[in-house]
Amino acid sequence: MAKGLLVTYALWAVGGPAGLHHLYLGRDSHALLWMLTLGGGGLGWLWEFWKLPSFVAQANRTQGQRQRSEERTPPLSLTRFVAQIIVGIYFGLVALISLSFMANFYIVGLPLAVGLGVLLVAAVGNQTTDFKNTLGAAFLTSPLFYGRPIAILPISLSASITAQKHRRYKASIGSETLSVRLYRLGLAYLAFTGPLAYSAFCNTAATLSYVAETLGSFLSWFSFFPLIGPLMESVLLLPYRGWRLLMGDPRFSSSNFQEWEKLYKFVSSFQDEKRQLAYQVLSLSEGATNEEIHQRYRELVKIWHPDHNRHRTEEAERHFLEIQAAYEVLSQPRKPRGSWR
């Protein structure tokens with residue numbers, strides 16, 4: 001069935017940031033990308049206003065025309081290449097926040113997340129790329145920057161270059177039912193948002209702390225570039241400014257530093273609460289020395305070790321894990337104010 005331009009514009013206006021118009025046109029990869037990024041932060045959604053006629057024409061292209069296009073290599077697109085890098089970094093940041101607790105995260109989890117972000121952009125429209133080579137480039141780059149959050153950038157860059165090198169048109173496939181397409185999109189959406197939602201709601205303090213540390217390391221790296229640094233700060237502050245606008249406080253300070261200070265105080269309050277709970281778990285008063293913390297930890301571990309409490313295994317395991325988590329929190333030195341910058 002031929003796709004209508006008016007229907008496409010209507011869906012773009014009603015549910016554009018959620019990718020409804022792309023779903024209508026059969027551009028499932030583009031629809032998923034918009035679902036995960038809310039229309040590319042809103043900018044991509046607005047920019048598409050002028051691109052919708054070409055999208056509709058592409059969706060209505062005949063089978064014969066598409067088969068002939070498969071014989072050529074798609075032209076190099078700077079926009080697609082930059083988008084691959086940005087989305088790869090975005091996927092990597094989400095993985096850092098929600099999956100960094102995994103064993104061998106920097107070897108497996110991080111390059112996989114970044115590579116999938118690059119592949120998603122590469123599959124937008126009628127183009128695609130080589131799956132194995134793109135992920136291979138991500139996995140080969142990751143060990144060179146092991147343990148560093150900034151590894152996201154070189155991993156995304158190498159994967160994007162590889163994806164562009166192996167770009168090609170998609171092969172012709174038969175049409176699928178809407179239910180099958182929605183099922184596949186739903187699974188992909190849950191796979192992306194599930195771990196992030198779990199970290200945000202079940203481990204809020206640790207998630208906020210890690211977000212602050214990750215953003216701090218990125219801003220420190222971009223501080224070497226006088227023009228890019230302030231631009232990155234402005235982009236990262238957009239959600240916060242939008243939240244303040246929705247809360248009825250549109251008065252923004254002229255300095256990014258003052259706004260980062262407010263965010264830091266908010267995150268710091270969660271960190272202080274986390275340390276207070278850790279002191280309670282170890283039955284220590286605030287301000288205990290490192291020797292007292294270590295000694296109390298050793299005593300409680302001996303008491304609640306599961307091997308010593310076989311008659312109440314579940315209770316012992318719960319206390320044992322709480323003690324370990326509390327000791328890990330108190331073992332980390334408190335960072336001085338402003339060190340995150």
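1. Helices and strands first: the protein has 17 helices and 2 strands. Both are DSSP runs numbered from the N terminus, with helices being H or I over at least four residues and strands being E over at least two. Keep in mind that this is a predicted model, where local features need pLDDT of at least 70, side-chain atom pairs count only at pLDDT 80 or more, and totals for chains, interfaces and linings use all residues. Residues are numbered from 1 along each chain as its sequence is written, and side-chain values use heavy atoms, with hydrogens and water left out.

2. On burial, 37% of the 341 residues are buried (under 20% relative accessible area, 1.4 Å probe, protein chains only). The protein exposes about 20100 Å², and carbon and sulfur atoms supply 64% of that (Shrake-Rupley method, 1.4 Å probe).

3. Have a look at helix α5, residues 52-59, where Leu52, Phe55 and Val56 are buried. Down the axis of α5 its buried residues fall within an arc of 100°, so they line one face of the helix (the arc is taken from the directions from the helix axis to the C-beta atoms). Those buried residues pack against α1 (5-15), α2 (20-24) and α3 (28-41).

4. As for contacts (heavy atoms within 4.5 Å), among those with a separation of 6 or more, 67% come from residues 24 or more positions apart.

5. The unreviewed UniProt entry annotates "transmembrane region" over several stretches, including 32-50 and 145-164; such annotations may be inferred rather than shown by experiment. In the model, residues 32-50 are 79% helix and 0% strand, with end C-alpha atoms 20 Å apart. Residues 145-164 are 65% helix and 0% strand, with end C-alpha atoms 23 Å apart.

Note on methods:
Buried < 20%, exposed > 50% of the residue type's maximum accessible area, 1.4 Å probe, protein only.
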